[in-house]
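Could you walk me through this structure in the viewer, one selection at a time? I would like to know what to pick next and what is there.

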Amino acid sequence: MRHDVVVLGAGLAGLTAARELARAGTDVVVLEARGRPGGRVEQTQLADGRLVQLGGEVVAPFHAAYSRLVQELGLTLVPAFPSLPGEETFVLADRERMVGEGFPFFDHEDRRSYEAVEGAFRELAQSVDPGDPWSHARARELDSVSVSGWLRAQGATPNVVRARELAAGALAAESNERTSLLSDLRKEAAAGAHGFYDYGVWECQRVLEGSATVALRVAAELGHRIRYATPVTEVRVGSSGCTVITATGERFESEAVVCALPVGPLRQVTVEGVSAERLGSLHRQKNALVAKAVFVWADSFWERNGQNGDVYFETGLIGGTWTQRGGIMSTLVPPERFGPFLATPEEELEQLLTEEMAGAFGEQARALQAFYVRRWGADPWTRGYITSWRPGDVMAVGPLHGKHEPPFYVCGSDQWVCGYMEGAVRTGSGAAEAACR
């Protein structure tokens with residue numbers, strides 16, 4: 001079978017690329033290993049009509065590419081969980097549950113220290129070009145140190161280091177002990193360099209009709225152009241054309257290939273005709289191994305207790321929680337806890353995680369209506385969730401990050417600064433534009 005362009009993967013990036021290619025009159029086919037579109041965005045509907053998001057959910061106003069796509073599809077962005085009433089909750093190892101804003105376990109010295117190191121972080125972030133962090137005069141130095149190591153070098157108190165580690169766990173990012181400072185500076189520079197990661201900056205909007213509806217509507221537009229249950233095993237790239245071979249032995253010939261596979265599954269695909277430098281850059285990238293669990297109750301009972309639904313867990317398997325919508329709460333299991341999570345027998349998992357939720361929200365948390373789990377870190381077609389950057393990785397991946405080697409084009413949340421839905425749409429659009437030149 002011959003097409004102008006073959007797109008690998010029907011996640012949000014691949015769908016965006018294929019949509020724009022099709023609109024430009026290109027004969028495009030999308031090869032997707034799963035039996036559904038969306039990749040790391042997925043949803044299900046409850047009997048009462050509520051939609052439950054099982055993957056990516058929230059975005060920010062500065063996520064321009066995603067916002068534009070939502071508008072084009074006739075969907076609606078509304079405020080997300082940071083605007084909900086109540087205070088945050090902290091489940092710590094050495095004290096009773098605490099409810100309050102601004103890290104209630106801080107004393108005066110901790111608050112002074114936090115303000116000082118955040119100011120230093122902000123100043124550094126303002127000096128980083130998110131599109132070219134490699135050009136920074138101190139790039140190699142900033143990439144060689146971990147976030148926690150830098151905090152301690154700045155004189156941060158132990159509780160400040162602890163607070164940032166709690167925040168990393170809630171995001172299901174890798175530990176700050178294993179996260180490149182340059183990668184964190186780059187990420188925050190993309191958001192305007194306001195300071196440390198802030199839910200109110202990064203996660204303050206959601207799609208009213210469900211984030212997975214974005215992918216479903218794009219997939220509906222593409223229709224027959226998507227081939228499901230078609231995993232790719234080999235890609236051959238040449239000056240006279242490209243060949244894509246699937247697990248069933250089918251061959252797809254094309255002028256170009258747009259690779260929208262996450263970096264983990266891509267390592268399982270044989271790629272020929274792409275430079276060793278480009279493949280080396282792609283293969284050096286990592287994803288954080290994460291699971292997501294979603295709890296459903298009749299209503300948001302925690303608000304009656306003055307809690308907003310945001311919890312930072314220092315113990316247990318869950319790293320953090322947030323409210324999707326009335327009565328529905330998302331939780332993430334961070335990389336450091338993913339192994340124990342996978343080792344927990346299936347029949348015990350719901351009870352174990354419900355116990356953790358009851359520790360944060362009280363006995364009412366036991367009155368579950370539904371419970372869902374997605375093991376994104378163990379899923380063979382994702383092998384991770386958000387992008388992970390360990391010390392040294394930014395320089396090792398290098399300026400080829402997110403770049404194309406025609407006729408081989410790359411896109412995906414992994415190919416943006418930090419691995420979110422904006423990155424998928426932004427790079428998918430960029431790959432389509434480059435392939436059409």
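**Stop one: a helix contact**

Start by selecting Ala-64, Ala-65, Tyr-66 and Leu-69 in helix α2; they meet Met-421, Glu-422, Val-425 and Arg-426 in α15. Keep in mind as you look around that this is a predicted model. Sorted by type, the residues in the contact of α2 with α15 are six nonpolar, two charged and no polar.

Now show both helices whole: α2 spans residues 64-72 and α15 spans residues 421-436. Their axes lie 7 Å apart and the helices pack at an angle of about 80°. Angles of 65 to 115 degrees count as roughly perpendicular, so α2 is roughly perpendicular to α15.

**Stop two: aromatic rings**

Pick Phe-106 and Tyr-114, whose ring centres are 5.7 Å apart. Their planes stand at 55°, so this pair is tilted. Both Phe-106 and Tyr-114 are buried.

Then move to Tyr-199 and Tyr-312, a stacked pair with 6.4 Å from centre to centre and 15° between the planes. Which parts does this pair tie together? Tyr-199 belongs to helix α8 (residues 199-202) and Tyr-312 to strand β17 (residues 307-313), so the pair links parts that are 113 residues apart in sequence. Tyr-199 is buried, as is Tyr-312.

**Stop three: a charge over a ring**

Finish by selecting Arg-162 together with Phe-105. The charged end of Arg-162 sits over the ring of Phe-105, at 5.6 Å from the ring's centre.

Definitions and conventions
Residues are numbered from 1 along each chain as its sequence is written. This is a predicted model: local features need pLDDT of at least 70, side-chain atom pairs count only at pLDDT 80 or more; totals for chains, interfaces and linings use all residues. Side-chain values use heavy atoms; hydrogens and water are left out. Rings of Phe, Tyr and Trp (its six-membered ring) pair if their centres lie within 6.5 Å; planes under 30 degrees apart count as stacked, over 60 as edge-to-face and the rest as tilted. Buried means under 20% relative accessible area, exposed over 50%, partly exposed in between (1.4 Å probe, protein chains only). Helices (H or I, at least four residues) and strands (E, at least two) are DSSP runs, numbered from the N terminus. A charge sits over a ring if NZ of Lys or CZ of Arg is within 6 Å of the ring centre and within 35 degrees of the ring normal. Axes are lines fitted to C-alpha atoms, for helices over the stretch in contact, and angles run from 0 to 180 degrees between N-to-C directions. Angles under 35 degrees count as roughly parallel, over 145 as roughly antiparallel, 65 to 115 as roughly perpendicular and the rest as oblique. Contact means heavy atoms within 4.5 Å. Ala, Val, Leu, Ile, Met, Phe, Trp, Tyr, Cys and Pro count as nonpolar, Asp, Glu, Lys and Arg as charged, and the others, Gly among them, as polar.
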